2 protein chains.
Amino acid sequence: MLIHISFCLWEYAGKSRRGGDRELVRVQDLTPEKADQLIWLRARVHTSRAKGKQCFLVLRQQQFNVQALVAVGDCASKQMVKFAANITKESIVDVEASVRKVEQKIESCSQQDVELHIERIFVISQAEPRLPLQLEDAVRPDGEGEEEGRATVNQDTKLDNRVIDLRTTTSQAIFRLQSGVCQLFRDTLTHKGFVEIQTPKIISAASEGGANVFTVSYFKTSAYLAQSPQLYKQMCICADFDKVFCVGPVFRAEDSNTHRHLTEFVGLDIEMAFNYHYHEVIDSITDTMVQIFKGLRDNFQTEIQTVNKQFPSEPFKFLEPTLRLEYTEGVAMLREAGVEMGDEDDLSTPNEKLLGRLVKEKYDTDFYVLDKYPLAVRPFYTMPDPNNAKYSNSYDMFMRGEEILSGAQRIHDAQLLTERATHHQIDLEKIKSYVDSFRFGAPPHGGGGIGLERVCMLYLGLHNVRQTSMFPRDPKRLTP
Amino acid sequence: MLIHISFCLWEYAGKSRRGGDRELVRVQDLTPEKADQLIWLRARVHTSRAKGKQCFLVLRQQQFNVQALVAVGDCASKQMVKFAANITKESIVDVEASVRKVEQKIESCSQQDVELHIERIFVISQAEPRLPLQLEDAVRPDGEGEEEGRATVNQDTKLDNRVIDLRTTTSQAIFRLQSGVCQLFRDTLTHKGFVEIQTPKIISAASEGGANVFTVSYFKTSAYLAQSPQLYKQMCICADFDKVFCVGPVFRAEDSNTHRHLTEFVGLDIEMAFNYHYHEVIDSITDTMVQIFKGLRDNFQTEIQTVNKQFPSEPFKFLEPTLRLEYTEGVAMLREAGVEMGDEDDLSTPNEKLLGRLVKEKYDTDFYVLDKYPLAVRPFYTMPDPNNAKYSNSYDMFMRGEEILSGAQRIHDAQLLTERATHHQIDLEKIKSYVDSFRFGAPPHGGGGIGLERVCMLYLGLHNVRQTSMFPRDPKRLTP
């Protein structure tokens with residue numbers, strides 16, 4: 001049954017009389033209950049191996065795959081076996097096949113108890129014969145099979161050929177889990193009475209002083225890309241939305257080429273009015289994170305284990321309620337471990353990491369809040385601690401010792417905001433519209449911004465944020 | 001009880017011992033069941049009217065408000081009445097008050113059956129005395145009260161002072177409904193097995209030919225802002241995600257100053273592989289829209305009616321299943337109505353509007369699909385109709401006669417794509433990576449992009465997309 005492959009394009013362009021009433025079965029549903037049924041299936045050719053009068057295929061749909069056989073005999077001719085053997089890897093095929101139980105489990109496939117005996121096969125979309133990378137190489141754990149000379153694929157090759165790299169079980173699992181994080185984030189907050197807002201990304205003035213901001217040509221003038229939705233979230237609070245969240249891109253023109261910096265990433269942002277204490281805000285955020293961690297643990301075990309196969313890591317641990325330490329306690333723990341630092345020094349990245357390890361040892365948690373940062377190391381709009389002018393009502397949150405959120409109670413009084421901006425030597429003219437937002441009644445409020453890619457990376461115990469960004473952007477990468 | 005207003009800032013900056021165990025009641029919960037209870041409430045001063053020994057306040061929380069009274073007597077001194085009378089409109093106050101049933105309904109408030117007798121009042125945040133606009137003017141229907149010389153507020157003033165304009169009942173309703181649209185969109189698609197993806201907004205090459213694209217300075221080179229996530233959605237389909245959606249900003253550098261164009265808007269995007277016919281895609285999209293319409297109708301009646309008070313419109317009508325007309329049918333209806341146009345001419349905006357009215361008259365629906373557009377008026381990547389080379393497997397969707405979605409089956413074969421691009425005289429070098437995405441096996445697929453602001457505008461029968469964009473961007477507006 002030789003089919004000229006280009007027919008398929010047109011078959012699927014118009015109304016297909018032929019296939020319109022076929023029911024296509026999913027690979028994951030191929031279980032012994034379907035034994036001896038004749039089914040139709042659309043899948044990719046994952047691997048293909050011809051052997052005499054037989055051709056063994058592995059057919060794949062996302063993370064699921066099944067063994068299939070074309071054998072010369074009742075239902076296949078010699079030509080058909082040859083045709084099947086010549087179908088390139090990653091091509092998409094439709095097959096009609098009978099499902100057969102197997103005696104020995106097929107360890108290499110997700111469907112271990114059945115195989116398919118193919119009666120008809122059509123090529124829906126032919127892949128070019130030379131793939132830029134092999135899927136089995138792209139999921140090989142570092143170091144494994146090195147002695148046999150088996151290849152792994154370096155990150156740039158993966159990212160350059162992302163359309164293929166995203167087909168791997170690891171990538172499929174990462175991005176399905178990421179979709180879950182967004183959903184859990186929004187569902188939890190919606191349930192708490194938060195309203196989703198959409199904030200503009202093109203803005204007229206650089207929001208936080210003008211450093212690290214991308215410039216856009218805007219008709220006859222120029223504009224900037226928002227480094228965070230903070231001003232707009234705060235405006236919504238001043239506009240009586242009470243509790244808001246948004247999910248969207250944020251842009252940082254930082255020339256940082258590290259494992260955790262991107263120039264464009266997805267911000268999960270929260271802002272809320274509170275009644276009596278900014279810890280109401282911390283509690284809302286930490287509870288949201290806990291709901292995310294629980295949702296992932298309970299609903300994404302397959303994805304977590306799939307990623308773990310390639311990138312082993314310890315399960316993510318968290319406490320309920322979330323551990324909250326004061327900055328001074330963190331500094332004391334670091335000093336006890338031999339670090340020399342002043343009370344009002346900011347945490348360096350290595351010290352953050354170290355503190356994460358110390359906290360893990362002492363409290364057995366991978367997630368905690370560090371509260372009451374020194375006022376001097378925080379932005380001008382941060383509310384000072386009323387009890388100790390050296391500190392502030394601000395906090396960072398950490399996963400596996402890396403920062404995933406920075407937040408604070410914001411100053412909601414135009415006069416105090418002006419004083420603090422002046423103290424920071426900020427040009428008042430540039431922040432006028434920001435300050436003016438608070439002149440017509442503003443409730444006490446606070447919030448924070450979470451980096452989606454970092455949350456996914458750290459939850460899964462990965463080591464590079466490019467693994468959890470579908471199409472990462474950094475100073476050296478703008479494609480694909 | 002004169003309270004110096006600035007104390008509040010610091011009370012709320014730190015741990016308030018005083019207020020920590022107060023329970024704050026919501027205005028919407030102030031019903032006769034609470035009669036004679038002493039409660040605490042935080043709200044804005046909506047209006048204030050002193051009259052002899054009494055001061056009448058209307059206290060507001062979002063769209064809810066309640067009448068409150070400070071009267072010289074047992075629980076208030078003359079000074080306290082004077083203090084209350086001097087609190088500026090839009091200030092935020094905490095009051096302790098007893099709830100009293102009223103004999104005559106208070107027609108001007110949302111809580112018509114009770115009023116508050118205030119015993120204590122604290123100013124949490126003082127508004128400046130001169131508001132740039134009055135909330136009651138901002139919600140006045142056009143023309144109403146003109147004879148009495150009552151003002152309405154023009155759109156630019158509203159947008160220039162968006163923090164205040166967003167406090168109106170109309171704005172609160174619009175943006176709560178918008179939050180609902182996003183949630184319904186995602187929930188419906190998640191339920192259908194779609195995966196949410198995040199696509200980059202900074203891209204290296206202008207996606208659709210280079211017109212109408214914003215340029216960004218990107219370190220030592222330049223980049224562009226994505227005009228749509230289409231390429232990335234399609235890459236995800238080629239990468240086996242099967243069905244994907246995304247919600248995010250899209251950017252159009254079009255110098256169009258119309259009621260329905262923005263330079264930045266929120267795209268609700270869908271892309272999916274299909275089995276046999278691109279109508280599977282149309283069905284998924286129209287069903288998603290129907291779920292949104294039903295969800296709004298069933299869960300957002302209050303919001304819809306609130307908006308209708310200021311901007312009266314007919315309830316939005318839709319059919320199940322959604323009406324699908326072919327382009328040629330639409331052209332025939334227009335010709336019957338006296339319009340002269342060629343078979344392969346595109347629809348002008350007035351003709352779209354007219355066709356919407358004709359369809360409404362004939363089929364009684366405000367939502368329909370126009371299918372099989374002339375190939376000549378669609379982008380190069382649109383799949384031609386296999387049965388008639390003049391037409392294509394593409395469609396637009398309309399609400400109240402205005403386009404809200406444009407979509408198509410996409411060409412998934414690199415060779416045909418190259419032919420069509422050549423026909424359109426597109427520089428093949430510039431679309432190389434796009435075309436290459438289809439070289440390693442690509443399933444037949446299609447999708448479309450919906451403009452969130454347009455959906456909200458047209459569902460509510462509004463007449464300007466700036467009303468449904470929180471912080472609209474157009475060629476002349478970049479602020480706030």
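A residue counts as buried here when its relative accessible area is under 20%, and as exposed when that area is over 50%. Keep those cut-offs in mind at each stop. Note too that this is a predicted model.

**Stop 1: chain A as a whole**

Select chain A. Its C-alpha trace spans about 85 × 55 × 40 Å along the principal axes. Colour by secondary structure, and you will find 14 helices and 17 strands. Of the 480 residues, 60% count as buried. Now show the surface of chain A. Next, colour the charges. Chain A has 58 positive and 67 negative ones, and their mean positions lie 7 Å apart. Contacts are worth a look as well. Among those in chain A with a separation of 6 or more, 68% join residues 24 or more positions apart.

**Stop 2: cysteines of chain B**

How many disulfides are there over all chains? The count comes to 0. Select Cys109(B), which is in no disulfide; the nearest cysteine sulfur belongs to Cys55(B), 14 Å away. Is Cys109(B) buried or exposed? Cys109(B) is buried, because its relative accessibility is 3%.

Move to Cys182(B). The closest cysteine sulfur is that of Cys456(B), at 7.1 Å, which is too far for a bond; a disulfide needs the two sulfur atoms within 2.5 Å. Cys182(B) counts as buried too, at 1% relative accessibility.

**Stop 3: two cis peptide bonds**

Most peptide bonds are trans. Select Glu320(A) and Pro321(A): the bond from one to the other is cis, with omega near -5 degrees. Pro321(A) sits in the loop between helix H9 (301–310) and strand E13 (323–326) of chain A.

Switch to chain B and pick Thr479(B) and Pro480(B). The bond between them is cis, with omega near -5 degrees. Look for Pro480(B) in the segment after helix H14 (452–459) of chain B.

**Stop 4: positive phi in chain A**

Most residues other than glycine have a negative phi. Lys372(A) has a positive one, near 65 degrees. Find Lys372(A) in the loop between strand E14 (367–371) and strand E15 (394–399). With a relative accessible area of 12%, Lys372(A) is buried.

Finish at Gln425(A), where phi is positive, near 55 degrees. This residue is in the loop between helix H12 (414–423) and helix H13 (432–436). Gln425(A) is exposed, at 75% relative accessibility.

Key:
Residues numbered from 1 in each chain as written. Chains lettered and ligands numbered in written order. Predicted model: local features only at pLDDT ≥ 70, side-chain atom pairs only at ≥ 80, totals over all residues. Heavy atoms only, no water. Helix = DSSP H or I, 4+ residues; strand = E, 2+ residues; numbered from the N terminus. Buried < 20%, exposed > 50% of the residue type's maximum accessible area, 1.4 Å probe, protein only. Contact = heavy atoms within 4.5 Å. Lys, Arg positive; Asp, Glu negative; His and termini not counted. Charge placed at Lys NZ, Arg CZ, Asp CG, Glu CD.
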